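Please read this briefing alongside the sequence and the 3D view.

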Amino acid sequence: MAKPTKHAAKICLVLSIIVVLGALIGLLAKSPLVLLLALTGSVLYQVYRTEGETTRWASRTLLAALVLEFVLVIFGVSFDLAAFLGASERTVAGYQVPIGDIKLVGPAVMAVCAMILLVRTRGRYTRWLSVNILVGTLALAYVLDPVVFQELVRSGVDGI
């Protein structure tokens with residue numbers, strides 16, 4: 001059953017403002033935690049709004065990646081996946097995703113899921129939320145590692 005849209009535009013607008021302000025503050029303060037907090041509302045509302053099989057899978061994966069990213073950032077976990085796996089990129093859902101420190105996996109997975117939601121959904125509010133999440137995850141990737149940020153942007157542009 002379709003989710004109600006009576007207040008969806010207002011909710012998406014507020015969440016957009018939160019993501020943009022969170023991105024600005026997070027970038028200036030170089031704080032991944034601020035960016036994660038700013039993304040939380042958009043991700044939760046995305047999980048609520050999605051209805052299709054693929055989009056539900058993508059939104060739930062977004063939520064799982066967000067939770068995992070909170071854990072990694074809060075506890076300061078650092079592990080070089082590129083050295084462990086012997087490669088600097090992996091293919092996820094048809095997209096080339098750069099790998100490095102384990103904390104960069106979350107933003108990469110979230111960006112891929114946001115792109116999947118942007119492309120596969122028909123709902124304007126789900127697309128709106130996907131853009132919010134994409135903006136926030138790109139800012140998060142930049143705060144964590146500016147070099148990987150450039151690779152994520154390149155992968156996203158190639159995927160469109």
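The notes below go from the overall fold to single residues.

The model is predicted. The protein has 160 residues, of which 42% count as buried. Its secondary structure consists of seven helices and two strands.

**Fold**
- Read from the N terminus, the order of elements is α-α-α-α-β-β-α-α-α.
- Helix H1 spans residues 8–29, and a loop joins H1 to H2.
- Helix H2 covers 32–49, and helix H3 covers 53–74.

**Largest pocket**
- The volume of the largest pocket is about 320 Å³.
- Its lining is made up of 15 residues, and those closest to the pocket centre are Glu51, Thr121, Arg122, Gly123 and Thr126.
- Sorted by class, the lining holds seven polar, six charged and two nonpolar residues.

**Nonpolar surface patch**
- A nonpolar patch on the surface is formed by Leu33, Leu37, Val67, Val71, Ile74, Phe75 and Val77.
- Together these residues have about 640 Å² of accessible area.
- Helices H2 and H3 each supply at least two residues of the patch, and H3 gives the most, with three.
- One of the patch residues, Val67, sits in helix H3.
- Val67 counts as partly exposed because its relative accessibility is 47%, a value between the 20% and 50% cut-offs.

**Lysine 30, in a loop**
- Lys30 is located in the loop between helices H1 and H2.
- Is Lys30 buried or exposed? Lys30 counts as exposed because its relative accessibility is 66%, and the cut-off for exposed is over 50%.
- The phi angle of Lys30 is near 55°, which is a positive value in a residue other than glycine.
- For context, most residues other than glycine have a negative phi.

- Cys113 belongs to helix H5 and counts as buried because its relative accessibility is 2%.
- Leu134 is part of helix H6.
- Why does Leu134 count as buried? Leu134 has 18% relative accessibility, and buried means under 20%, so Leu134 falls within the buried class.

**Distances between residues separated in sequence**
- The C-alpha atoms of Cys113 and Leu134 are separated by 8.8 Å, and the two residues are 21 residues apart along the chain. Cys113 is in helix H5 and Leu134 is in helix H6, so this pair links two of the helices named above.
- Leu134 and Ala108 are 9.8 Å apart in space, C-alpha to C-alpha, with a sequence separation of 26 residues.
- Which residue is 71 residues from Leu117 in sequence and 9.3 Å from it in space? That residue is Gln46, with the distance taken from C-alpha to C-alpha.

Notes: Residues are numbered from 1 along each chain as its sequence is written. This is a predicted model: local features need pLDDT of at least 70, side-chain atom pairs count only at pLDDT 80 or more; totals for chains, interfaces and linings use all residues. Side-chain values use heavy atoms; hydrogens and water are left out. On a 1 Å grid over the protein atoms alone, a cavity is a set of points where a 1.4 Å probe fits but cannot get out, and a pocket is an open set with protein on both sides within 12 Å along at least five of seven lines; lining residues have an atom within 4 Å of a point. Grid points are joined across faces, edges and corners, and a volume is the space filled by probe spheres set on the points. Ala, Val, Leu, Ile, Met, Phe, Trp, Tyr, Cys and Pro count as nonpolar, Asp, Glu, Lys and Arg as charged, and the others, Gly among them, as polar. Patches are made of residues with over 30% relative accessible area and no salt bridge: like charges are joined within 9 Å, nonpolar side chains (Val, Leu, Ile, Met, Phe, Trp, Tyr) within 5 Å. Accessible areas come from the Shrake-Rupley method with a 1.4 Å probe; for residues, only the protein chains shown count as cover. A salt bridge is a side-chain nitrogen of Lys or Arg within 4 Å of a carboxyl oxygen of Asp or Glu. Helices (H or I, at least four residues) and strands (E, at least two) are DSSP runs, numbered from the N terminus. Buried means under 20% relative accessible area, exposed over 50%, partly exposed in between (1.4 Å probe, protein chains only).
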